[in-house]
Every structure is written in structure tokens, then in C-alpha cells.
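The following exercises concern the structure shown below. Each task is followed by a solution in steps.

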Amino acid sequence: MDTIWSPDLLDGQGPKYKAVMHVIRQRISDHDLTPGDKLPPVRDLAWSLGITPGTVARAYTLLTDDGTLKAEVGRGTFVAQPDEKGPLFSDAPIEVDSVTHNSGAQTWDVNLFSPHLPNVGQATLIRKLLAKVAHDPPSGVMHYPTRAGGAQARTASAAWLAGAPIGSFGPDDIVLANGGQNAILLILQALLKGRRPAILVEDLAYPGFRRAAELLRTDTIPVEMDAQGVIPEALDAAAKAHDAQIFCTSPEVHNPTCGFTPRARREELAEVARRHDLQILEDDCYRLGQAQAPSYRMIVPERTWYISSISKSITPALRLGIAVAPKGRANVLRRTAEYSFFGLATPMTDLFATLLVHPELPDLMASARKGIGTYVQRAVNVLGGYDIAWRKDVPFLWLRLPEGWRAGAFVQAASKQGVGIRAAEDYACRDARTPHAVRIAINAGVSLQSFEAAIERLRDLLDNPPDQIGV
């Protein structure tokens, strides 16, 4: 081991794994390391630097994932050639750490709780536009947000939504929020009334509906579903039995089952909503591709509040949610937003005004969608022998567990293998009965190799269910 690798190199460089990454990049920049050079083995470098092997392993895998290094099974880790094709992303992966299991084999903890987009260039575009805004912010940086100041961002949001089948709308029908979850909360705040109102949700539904209802001390009533979504007769019965005011639904991409509600069923449910004067909160944040049916805002425009966001198509970091109100009803939602936080930060509305209509964005979104599809296909190839629901442009899969596994036990077993997934009960009301199923999110922030290895560990668990009997 040469003396250039010494512990004092890590001083003042932040977390140790980031310090190791910085040192390696610096050595490459200084040409002390050149393409094709082999890095020291993990344990040797850890000994030389006075840190744990896990810290070095984490640095190596992050540098491999961003294309700086290249790992070759059985040979070691090398400085990548400049012309070698890197992974689909460049930013650091989400919650990926090195672990050493009892066998001594090195694997990676992979977070499959929430979807993570591949970075196919949108990060570079965002940084460029942020720098431009910082240099000359159109809205300034010394004033409260105003409705007029956010007009360009709302116009850009309307242009970004132009392909969505949501009927007639314009910038004046849009209210911007701090992410899709914040948009849900704003709509519930604006519409719910009475001492103990209720919202109706699918019996397996996005947990954010319940969380928002809890904040507002509102009852959440689950409604029975079948393969096409909520059953109209069940919605009718629930509306009669409770002071239900809003039906919250995700018809285009049902979370967590990956399902879809066809037009005929939507029309039946819309008729129930009309009959009971239910408002409809339509969450469309997970749709990446073309819509397969008209939105509720087209079917019942007078009572549908439509939500989208950029979290699943561009990045979740910027926290932009877009709420489209029924015609003539945006004022109540806008007032709720202004009373809550005055408006989005002006540098962010300046950024959105440019980003959402940038000519590079459509191609970047298409590339990100394609990248998600690559990961989905890899997961399907591994888990194809089991009962899974998937769509190539949806960033999660729904796995119905075989005999021998319960959802909670499977999630715990997966966690011990370094894979984080969610059980069906996370999407149900507290006292509901839930299927033995799990949701597996697509994390395209890690390499395909790491992702596939995580999915293979899940398959190994499925192949070997526990056989003990508890007494």
C-alpha cells in the first residue's frame, strides 16, 4: 500500500465515506490514478486509512454507481475508462449502505420503500436553471410571494399538464403547492366542513390520504374494491352511512396495487358522487406515461379536484405539487394556500416557470421513464414465477405472496437481507383486513446490478418460506 493513502487525507472532508470518495476523485483529477488502474482491496484501504471496511465499500459502490469506477467480479475495482457507458444516473443513490453478513459476503442495503428516478440529465438542467435564477431572480429575493408573481409558474404548469385528459382548464384554475401531499392537505382543508366530516378512500390507498385526514381530525372510511377499483355499490353504501364529503382516489395508477380504473367504472362512480354530492380528489401523481381513460375532471368537472406533481417524473427534491380546481372554484383553494404559507418561495416559482417549459424537458422525462422501464423489466425477469402486478411505466410492483408467507414476516425477512419494502397493511386503515402482499418500489438511483441483486434476495426468500410452527 503506497503512503499516499493515509488517514490525514480524510480530515475535514465530512462523513468518512464521502471523504474517501473525495480522495479518490482528487487522485483521478491529479492523474495519480488513471483509467484502468486498480483500486486497493476494500480491507487493505480501510486498514491504511484507519476506517471500517464498510465505509470504504460504500464509497466504492457510490463511485461505481456514478461511473467513476468499474467493479469486475473476481478481479476488483478499477478506474473507469472515460468512454465506458455509465449507469442511468449520477447523483448518489438513496439509502444504500455496505453491509457484511455472517457469511462474510458483501451485499448492499437497498431501499425499495419509495420510488427513485434515474438521473438522466434533469439534475444538470435543474442546476443550470437554479444558477440562472440565483444570478438574476425575476421575482427578487426580498419580497413575500404574490399571486401575480406566481403567474408565470402557473402558466408553465398549465403547459406541462397540456397532455393530461383533464378537460378545459387554464392557469387561473391552478394552485401550486409544496408537493402532491401538500396539495391533498390544501384541498381537504378547503372543502371539509362540520364537526366530524369523513373522507372515502380505496380500501388499499395511498397513506397520504389518511395522514392528511388525521391532521384535520377527519374520519377515513375505506371502501371495498375489486380488480377495476372501488365498487360503485360499496361507495354508495359508505356515502349513506357516513358524513362523507370527499372521495379520494387514484384511478390511473392505483397505489399500491398497480391497478387501473376503466372509463365505464369511473362513470358509475361519478354518478354515485353526483347523487351524494361528493367532491372527488383525483390523485394522478404516479402516472408517467399516457393516460388510459378520461379523468374524473372530464367526467364530472364540477366536483373534481385534480392533483399532479413532478416527483415521479422529474425529481421529488423540488416539492412541486399542482392542484387543478373545478372551473370557478380555484379561489377557495388559493385562499387556503395563502393563509397557510403565503405561496411558494419566489426563487422556486421562478425556477418552475422556466423548467416546466424547457425544450430539453420532454426528452429527459422520456429517458427517465425508459430508465424506470428497464428496472421494472429486470424485476419482472427475476420475480416472473410469482404473482406480481406491474406496468412498464409505473415505478413499483405489487407482489402477492405465496403460501407460507405473511406480509409482515416477509417484510422483516427482507429487511434482514438488506432490502426495504412495504407491506399491504401500510396502505390500509388501522383495523382493516389486508392481503398478504407487498409493494416493491423501483429504486433507479442504484445500479441495475445492485437493484437486481436485491430483487434476487427477495426471490430467494419467496423460494424458501419459513416452516416453523409457533406455539
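**Exercise 1.** State which strand β6 is joined to, and how the two strands run.

*Solution.* Strand β6, residues 198-202, is linked to β7 by 5 bridges, and the two run parallel. Strands are DSSP runs of E with at least two residues, helices are runs of H or I with at least four, and both are numbered from the N terminus. Two strands pair if DSSP finds at least two bridges between them.

The model is predicted: local features need pLDDT of at least 70, side-chain atom pairs count only at pLDDT 80 or more, and totals for chains, interfaces and linings use all residues. Residues are numbered from 1 along each chain as its sequence is written, and side-chain values use heavy atoms, with hydrogens and water left out.

**Exercise 2.** Give the strand order of the open sheet of 7 strands, then identify its edges.

*Solution.* The order is β5-β13-β12-β11-β10-β6-β7, with mixed pairing. β5 (174-177) and β7 (219-223) each have a single partner strand, so one side of each lacks a neighbour in the sheet.

**Exercise 3.** State the mean pLDDT of the protein chain.

*Solution.* The mean is 90, where pLDDT is the predictor's confidence in each residue, from 0 to 100. Over residues 85-90, pLDDT stays under 50.

Note on methods: Contact means heavy atoms within 4.5 Å.
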